[in-house]
Amino acid sequence: MSLGPSADARIPLGNSGLAVAPLGWGMWRLAEEGEASPRQRVEAALEAGCTLFDTADVYGYRRGSGFGTAETLFGAVLRAAPRLRDRIVLASKGGIVPPVPYDSSAEHLIAACEASLERLGVECIDLYQIHRPDVLAHPSEVAQALERLRRAGKIRAAGVSNYSAAQFEALAAHLPFALASVQNELSPLAIDPLADGTLDAAMRRGTAVLAWSPLAQGRLAIAPGALADSLRSERVIAELEAIARRDGTSRTAVAYAWIMAHPAHPVPLIGSQNPARIREARNAYTVHLTREDWYRILAAARGMRLP
């Protein structure tokens, strides 16, 4: 029996009433120029079956300029094709303020969310996430901002990104509603969430897990032997490649499938801005991972045999 969800499965975002497809699309690089327009990239993500579209106010920022660019570009797509809004779960994030770098004060988060709404051209963001923990903001103040935004109808659900399990618990303790999601880096080369309590806490609470950089900043997509950073990386790539050849698919599809196979049902956020590669991600549903396959990849990622 193959591990992982089917293409028609839906992953609940906590108890928010929202649910998304097992693959999502991220807009970290939407502001980068390419052969495809933002609209073409969005259409490719929809063709791949994605329903969660994840952006952030800081996406597009480069060396003092571009803050808000990704949201503005995506907002232009929604304005040009308003029916798209009904087909997606819209997620955005706030709290990174270069060069501060973080500000999760209630005043800032409320202003940041309102600015995101304006750029996106929508009245409500489905899932609003704190982008990174601000250790100078008391969790009660962060909770106050999220509660006010939700009560005002500006967000439907709230989540966190790059939070530890303990930081998640501290914020959750001050909220009158449950956090819907936690978004952390997770890939066959970034396996900390498997052991640091992130996935265990999510399963205990019924929180959705969103996985950013599921291809390890693209390192898992390059040609075998071309990655010189470590023997560990080459071993992980070799394991992914062996399964890809067996199943007649791409190595990236296997990487997505490996993430999706975990019982926390993490949602990989496709980061590619190439329409063909975005569509190719759908092949993850055709990968037939066994438990032995999954654990071989984990052993390669750990750099040692499992006990």
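Trainee: Which strands close into a barrel, and in what order?

Mentor: Eight strands do, in the order β3-β4-β5-β6-β7-β8-β9-β10, with parallel pairing. Strands here are DSSP runs of E with at least two residues, helices are runs of H or I with at least four, and both are numbered from the N terminus. The model is predicted, so local features need pLDDT of at least 70 and side-chain atom pairs count only at pLDDT 80 or more, while totals for chains, interfaces and linings use all residues. Residues are numbered from 1 along each chain as its sequence is written, and side-chain values use heavy atoms, with hydrogens and water left out.

Trainee: What makes β5 and β6 a pair?

Mentor: Two strands pair if DSSP finds at least two bridges between them. Four bridges join β5 (residues 89-94) to β6 (residues 125-130), so the pair meets the definition. Within it, Lys93 stands opposite Gln129 in β6.

Trainee: Why are α2 and α3 called oblique to each other?

Mentor: Angles under 35 degrees count as roughly parallel, over 145 as roughly antiparallel, 65 to 115 as roughly perpendicular, and the rest as oblique. Helix α2 (residues 69-80) and helix α3 (residues 106-120) pack at about 45 degrees, with their axes 7 Å apart; the two are therefore oblique. The axes are lines fitted to C-alpha atoms, for helices over the stretch in contact, and angles run from 0 to 180 degrees between N-to-C directions.

Trainee: Which residues of α2 and α3 meet?

Mentor: Contact means heavy atoms within 4.5 Å. Among the residues that meet are Phe74 and Leu78 in α2, and Ser116 and Arg119 in α3.

Trainee: What makes Arg279 and Glu47 a salt bridge?

Mentor: The term requires a side-chain nitrogen of Lys or Arg within 4 Å of a carboxyl oxygen of Asp or Glu. The closest N and O atoms of Arg279 and Glu47 are 2.6 Å apart, so the pair qualifies. Arg279 lies in helix α9 (residues 275-280) and Glu47 in helix α1 (residues 38-47), so the bridge ties together parts 232 residues apart in sequence. By this rule the count comes to 19 salt bridges.
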